[in-house]
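Please look over the structure shown below, and then read the briefing on its side-chain contacts and its pocket.

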Amino acid sequence: MTDEKRIRYLQKPRAGARVILDTDTYNEIDDQFALSYLVKLKKFDIRCFTAAPFHNDRSTSPEDGMVRSYNEIKKLLGLLGEDYPVYEGSRGYLPDEKTPVDSPAARAIVKEALDAPEGEPLYVVAIGAITNVASAILMEPSIIEKMTIVWLGGNAPEWPENKDFNLRQDGAAARIIFGCGVPFVQLPCAGVVDSFISTKYELAHFLAGKNPLADYLCRNTVDYTEERSGLACWSKVIWDVTAIGWLVDERFMRDKLIPAPIPEYDGKWAFDMTRPLMKQVWHINRDLLFGDLCEKLTGETPWKK
């Protein structure tokens, strides 16, 4: 791909652009916000949702995490009153950087990318381990020319380590995405996206009692955070909303073009100035994005004009 085409594909999507959301929805509480925000925007042509694997204290294995995420996507679509295609993803991580893990999700990504009209990329927004997306590229490398990937994963380049949850689960998949030359937007976790926080009282004020979906998101976040923090006073990062926010409005964040860094297996970044260009977000306008999120989820404007 030429730099000219890559940079053109790194622009914000137009209204009606084709979008897939690849999500480990049951992993925490933030994917639920991101999925709901994307649907409530009513701005893009959502082709499908794909369930990503994850493994932590909310799953017994990557496969179990994927299945729980698949079911959570279905639950959220029920609350939203929507019916989009949902595909099960990989039941494990990539064994190496050359071997894809076949799944309905990876095949759906390949199909939708190949079907994208020339000059109008498929936007694949990934907010978990990027196994499904990397597998799709390994299965059909030509889709690099037909898609733009937006991924929340890795930490800021100046962060002392690069072991965020999404990247460390499947380092081989991350290295494929950073190295293959696909038009790529990275939202670093620690050092950038960790500024997108909210609190129990803010969530209760803007979401509680507004509708069943908003109630669920508020209650789910409060219950999850209080169980883990043990604190009366807490704030919670709602990470994955920012990946959707990048699609929506220039005002919500600032990014820059850089040569794609290399996520090494030792948890560090390496740098090579000859690598293909990508975009990296370096600042989140938390208040504007949070306000738009609440407005879309509730139909109410949460600030005075």
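## Contacts and pocket

Aspartate 3 and arginine 6 both belong to helix α1 (residues 3-9), where they stand three residues apart, about one turn of the helix; helices (H or I, at least four residues) and strands (E, at least two) are DSSP runs, numbered from the N terminus. The model is predicted, so that local features need pLDDT of at least 70 and side-chain atom pairs count only at pLDDT 80 or more, while totals for chains, interfaces and linings use all residues. Residues are numbered from 1 along each chain as its sequence is written, and side-chain values use heavy atoms, with hydrogens and water left out.

**Salt bridges**

- The side chains of aspartate 3 and arginine 6 meet in a salt bridge at 2.9 Å, N to O, the term being used for a side-chain nitrogen of Lys or Arg within 4 Å of a carboxyl oxygen of Asp or Glu.
- Aspartate 3 is partly exposed, with a relative accessible area of 43%, whereas arginine 6 counts as buried at 5%; buried means under 20% relative accessible area, exposed over 50%, and partly exposed in between (1.4 Å probe, protein chains only).
- Glutamate 120 forms a salt bridge with arginine 14, in which the closest N and O atoms are 2.8 Å apart.
- Because glutamate 120 lies in the loop between α4 (104-115) and β4 (122-126) and arginine 14 in the loop between α1 and β1 (18-23), this pair ties together parts that are 106 residues apart in sequence.
- Glutamate 120 is partly exposed at 35% relative accessibility, and arginine 14 is partly exposed at 44%.
- In helix α3 (residues 62-80), aspartate 64 and arginine 68 are four residues apart, about one turn of the helix, and their side chains meet in a salt bridge of 2.7 Å, N to O.
- Salt bridges that share partners join Lys5, Glu118 and Glu145 into one network, and the count of salt bridges comes to 24.

**Aromatic pairs and charges over rings**

- The structure holds six aromatic pairs, where rings of Phe, Tyr and Trp (its six-membered ring) pair if their centres lie within 6.5 Å, and planes under 30 degrees apart count as stacked, over 60 as edge-to-face and the rest as tilted.
- The rings of phenylalanine 196 and phenylalanine 290 have centres 6.3 Å apart and planes at 55°, so this pair is tilted.
- Phenylalanine 196 lies in the loop between β6 (184-187) and β7 (197-199) and phenylalanine 290 in helix α11 (residues 286-298), so the pair links parts that are 94 residues apart in sequence.
- Phenylalanine 206 and phenylalanine 290 form an edge-to-face pair, at 6.3 Å centre to centre and 70° between the planes.
- Phenylalanine 206 is partly exposed at 21% relative accessibility, whereas phenylalanine 290 is buried at 4%.
- Arginine 286 lies over the face of phenylalanine 290, at 4.4 Å from the ring centre; a charge sits over a ring if NZ of Lys or CZ of Arg is within 6 Å of the ring centre and within 35 degrees of the ring normal.
- One aromatic cluster is formed by Trp151, Phe178, Phe184 and Trp269.

**Largest pocket**

- The largest pocket holds about 270 Å³ of space, a volume being the space filled by probe spheres set on grid points that are joined across faces, edges and corners.
- On a 1 Å grid over the protein atoms alone, a pocket is an open set of points where a 1.4 Å probe fits, with protein on both sides within 12 Å along at least five of seven lines, and lining residues have an atom within 4 Å of a point.
- The lining of the largest pocket has 17 residues, of which Asn27, Glu28, Phe165, Asn166 and Trp239 lie nearest its centre.
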